[in-house]
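These are my notebook entries on a structure that I looked through piece by piece. I set down each term with its cut-offs where I first needed it.

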Amino acid sequence: MVFVHGLHAGPGVWKPMEEKFENNPDGDFPSASLHAFDYSGTTEEHVTNNAKRLSDWLSSQNLGEVDVVSHSMGGLVARKAQLDGAKIRRIITLATPNHGTGCCYPMTGTWDACKDMWRNTIIGTQSQFLTDLNEQTKPLVTPDTVLTYAVNPDDGQVDSDSVELDGAVNLMANPYLPDGPICGSELHNSILVRDNVATDSMNFLRFGAAGVSEQTSPTRDPQATAHVADEHALRARPDVDNIASRTS
């Protein structure tokens, strides 16, 4: 299984989730089976460039067919790599701007990655890259192959309706804490440390749609309380704090 990080991030952001996978009671995700793709030095480049790097890396590792858990822009990288022939069985996208993010709209002249994932929510347009990717991957998106996870109704950077894909299993995490909501990049990254997101992800990788559904997932409860200890642990992580100071 392979973790793929997002813009201005690195493989270190996956440590909390890696630990949840390794320590799950069933013991079916040992550390030796978990891999993290690192393209931290090129995240501002076009998604297609990094998708090619992911494909080449997968080939070099001789992993065969893999499952991918991705965050933010990493989901676009994984989906494009799969479209171009990478041997990927199932993809989970966590807070991925599958239909773009308004945060990138003013940054299209700065980062090539934002040229690929901008969204204008006022007039309802998105990048040509996303339009093409979503059209071309329709045959690959089924309830047994793709799970999307969003923060409801948005995470300050990516709206939940931008995360969801037709044909996929689409779930939402709740933003609330006992002392109120969190917001911005902190909220966008908080999906990486939530116990229920990790549990749903593992069940989806095991069983596909049979493992989790929009009807049965506890994350659909609008009054659900997020995992406070994990949220505070995230706030204390310097690698995540560094990401939180930038667009994701």
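**Entry 1: T101.** I began with T101, which counts as buried at 2% relative accessibility. I took buried to mean under 20% relative accessible area, exposed over 50%, and partly exposed in between, with a 1.4 Å probe and protein chains only. T101 lies in the loop between β4 and α4. Helices (H or I, at least four residues) and strands (E, at least two) are DSSP runs, numbered from the N terminus. I then looked up the side chain of T101 and found one of its polar atoms 2.5 Å from the backbone oxygen of Q157. Apart from neighbours within four places in sequence, T101 is in contact with M117, W118, R119, Q157 and V158; contact means heavy atoms within 4.5 Å.

**Entry 2: the source.** I noted that this is a predicted model, in which local features need pLDDT of at least 70 and side-chain atom pairs count only at pLDDT 80 or more, while totals for chains, interfaces and linings use all residues. Residues are numbered from 1 along each chain as its sequence is written, and side-chain values use heavy atoms, with hydrogens and water left out.

**Entry 3: the whole chain.** I recorded 10 helices and 8 strands in the protein chain. Of its 248 residues, 54% count as buried. Among contacts between residues at least 6 apart in sequence, 70% join residues at least 24 apart.

**Entry 4: cysteines.** How many disulfides does a search of the whole structure find? I found 1 disulfide, a disulfide being a pair of cysteine sulfur atoms within 2.5 Å. C104 and C114 form this bond, with their sulfur atoms 2.2 Å apart. C104 lies in the loop between β4 and α4 (112-117) and C114 in helix α4, so the pair ties together parts that are 10 residues apart in sequence. The torsion about the S-S bond is about -60 degrees, so the disulfide is left-handed. C104 is buried at 0% relative accessibility, and C114 is also buried at 0%.

I noted C103 as partly exposed, with a relative accessible area of 26%.

**Entry 5: T93.** I located T93 in strand β4 (residues 88-94). T93 is buried, with a relative accessible area of 0%. Leaving aside neighbours within four places in sequence, its contacts include S70, G75, R79 and N98.

**Entry 6: helix α2.** Helix α2 (residues 47-61) has 15 residues and reaches 21 Å from its first C-alpha to its last, close to the 21 Å expected. The expected span is 1.5 Å times one less than the number of residues. Which residues of α2 are buried? I listed V47, N50, A51, L54, S55, W57 and L58. Seen down the axis of α2, they fall within an arc of 165 degrees, so they line one face of the helix; the arc is that of the directions from the helix axis to the C-beta atoms. An α-helix has 3.6 residues a turn, so residues three or four places apart point the same way. After α2 comes N62, whose phi is positive, near 55 degrees.

**Entry 7: helix α8.** The 13 residues of helix α8 (residues 195-207) should span 18 Å, and its end C-alpha atoms are 18 Å apart, which agrees. Its buried residues include N196, V197, A198 and F204. Among the elements that cover the buried residues of α8 are α1 (15-22), β3 (66-71) and β4. G208 follows α8 and has a positive phi, near 70 degrees.

Note on methods. A polar contact is a pair of N or O atoms within 3.5 Å; within protein, one must be able to donate a hydrogen and the other to accept it, and residues adjacent in sequence count only if both atoms are side-chain atoms.
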